[in-house]
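Open the model in your viewer and keep the selection tool at hand.

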Amino acid sequence: AALDIIHKGGANALVVDIKSDRGLLTYPSEIPLAQKIGARKLTLIHSLPDLVNNAHGQGIYMIARIVTFKDATLGTARQDLAVHLANGALFHDREGLTWTDSYQPEVRAYNIAIAVEAAKAGFDEVQFDYVRFPDANTKLKFNGPTDEAGRIKAITDFLAQAHAALAPYNVFEAVDIFGYVGWNLNDTGIGQQLEDIDNTVDYVCPMLYPSGFKFGIPGHKNPIATNDDIYSTIRLTIENCIKRTRVN
């Protein structure tokens with residue numbers, strides 16, 4: 001169905017979830033930890049190489065999406081790798097899901113191993129999503145510093161490690177970021193700082209849902225008030241990102 005939409009609409013790329021929002025791997029992974037924690041309960045893709053080869057035969061650029069630190073499967077099965085509240089209890093977000101600690105080497109290695117499997121299967125790009133600290137209104141415990149400098153370093157260090165691991169496979173690395181990261185000069189409280197991320201990966205993908213800009217942007221206090229507000233929110237955010245990073 002997705003390929004049909006692409007051919008009718010003139011698109012040329014497809015994003016495929018290979019690690020879902022709940023931490024399930026949707027293909028036959030050979031990573032031992034994935035088997036151990038129960039991340040292989042659901043198979044939607046029986047062969048990653050066959051999927052990629054079929055798409056490439058139709059001229060489609062293939063992107064593997066990996067939901068990274070938001071991981072209810074790993075965070076529940078291995079609570080020693082999860083984010084905790086200040087009192088030691090397991091942290092759950094607004095969806096009731098657990099997160100993993102971005103400082104933990106085993107958490108990083110696990111997600112990088114998934115990315116490498118995608119690269120070996122022939123994907124053109126690996127797209128890391130939820131590469132951030134949870135946005136929570138309460139104090140959380142991590143295996144590292146929780147100040148802004150610490151958060152930024154944790155996120156950029158992971159992306160740099162992934163970039164090095166993917167280098168032998170001639171695959172691009174992308175990261176999804178909050179829309180407000182394009183405007184905020186700090187890390188938005190989640191470890192995402194535009195210039196640091198831009199210097200680490202190949203593609204930066206701002207999530208420009210106008211409804212997500214609840215505080216508005218300069219000149220557009222309500223980004224979803226009119227069609228012009230919606231269009232301008234997207235356009236101005238992209239322009240601001242380009243101006244700040246000076247990238248092509």
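Select Trp99 first. Is Trp99 buried or exposed? This is a predicted model, and in it Trp99 has 2% relative accessibility. The cut-off for buried is under 20%, so Trp99 counts as buried.

**Two ring pairs**

The ring centres of Trp99 and Tyr130 are 5.8 Å apart. Their planes stand at 70°. Edge-to-face needs an angle over 60 degrees, so this pair is edge-to-face. Now trace the chain between the two. Trp99 sits in the loop between strand E3 (84–85) and H5. Tyr130 sits in the loop between E4 and strand E5 (140–141).

Next, select Tyr103 and Phe133. Here the centres are 5.9 Å apart and the planes at 75°, so this pair too is edge-to-face. Tyr103 lies in the loop between E3 and H5, and Phe133 in the loop between E4 and E5. The two are 30 residues apart. Both Tyr103 and Phe133 are buried.

How many aromatic pairs are there by this rule? The count comes to 8. For another group, select Phe69, Phe128 and Phe158, which ring pairs link into a cluster.

**Helix H6**

Phe158 leads on to helix H6, where it is one of the buried residues. Select residues 148–166 to show all 19 residues of H6. From first C-alpha to last, H6 reaches 27 Å, close to the 27 Å expected. Colour its buried residues, among them Ile152, Ile155, Leu159 and Ala162. What do the buried residues of H6 pack against? Show helix H5 (105–120), strand E4 (125–129), strand E6 (172–178) and helix H7 (194–198).

The largest pocket holds about 1,000 Å³ of space. Its lining has 32 residues, and Arg94, Arg132, Asp135, Phe178 and Ile190 lie nearest the centre. By class, the lining has 15 nonpolar, 7 polar and 10 charged residues.

Move to the second largest pocket, with a volume of about 310 Å³. It is lined by 14 residues. Select Val204, Pro206, Cys241, Ile242 and Val247, the closest to its centre. H7, strand E7 (203–207) and helix H8 (227–245) each give two or more residues to this lining. Which element gives the most? H8 does, with 4 residues. The lining divides into 10 nonpolar, 2 polar and 2 charged residues.

Terms used. Residues are numbered from 1 along each chain as its sequence is written. This is a predicted model: local features need pLDDT of at least 70, side-chain atom pairs count only at pLDDT 80 or more; totals for chains, interfaces and linings use all residues. Side-chain values use heavy atoms; hydrogens and water are left out. The expected span of a helix is 1.5 Å times one less than its number of residues. Buried means under 20% relative accessible area, exposed over 50%, partly exposed in between (1.4 Å probe, protein chains only). Contact means heavy atoms within 4.5 Å. Rings of Phe, Tyr and Trp (its six-membered ring) pair if their centres lie within 6.5 Å; planes under 30 degrees apart count as stacked, over 60 as edge-to-face and the rest as tilted. On a 1 Å grid over the protein atoms alone, a cavity is a set of points where a 1.4 Å probe fits but cannot get out, and a pocket is an open set with protein on both sides within 12 Å along at least five of seven lines; lining residues have an atom within 4 Å of a point. Grid points are joined across faces, edges and corners, and a volume is the space filled by probe spheres set on the points. Ala, Val, Leu, Ile, Met, Phe, Trp, Tyr, Cys and Pro count as nonpolar, Asp, Glu, Lys and Arg as charged, and the others, Gly among them, as polar.
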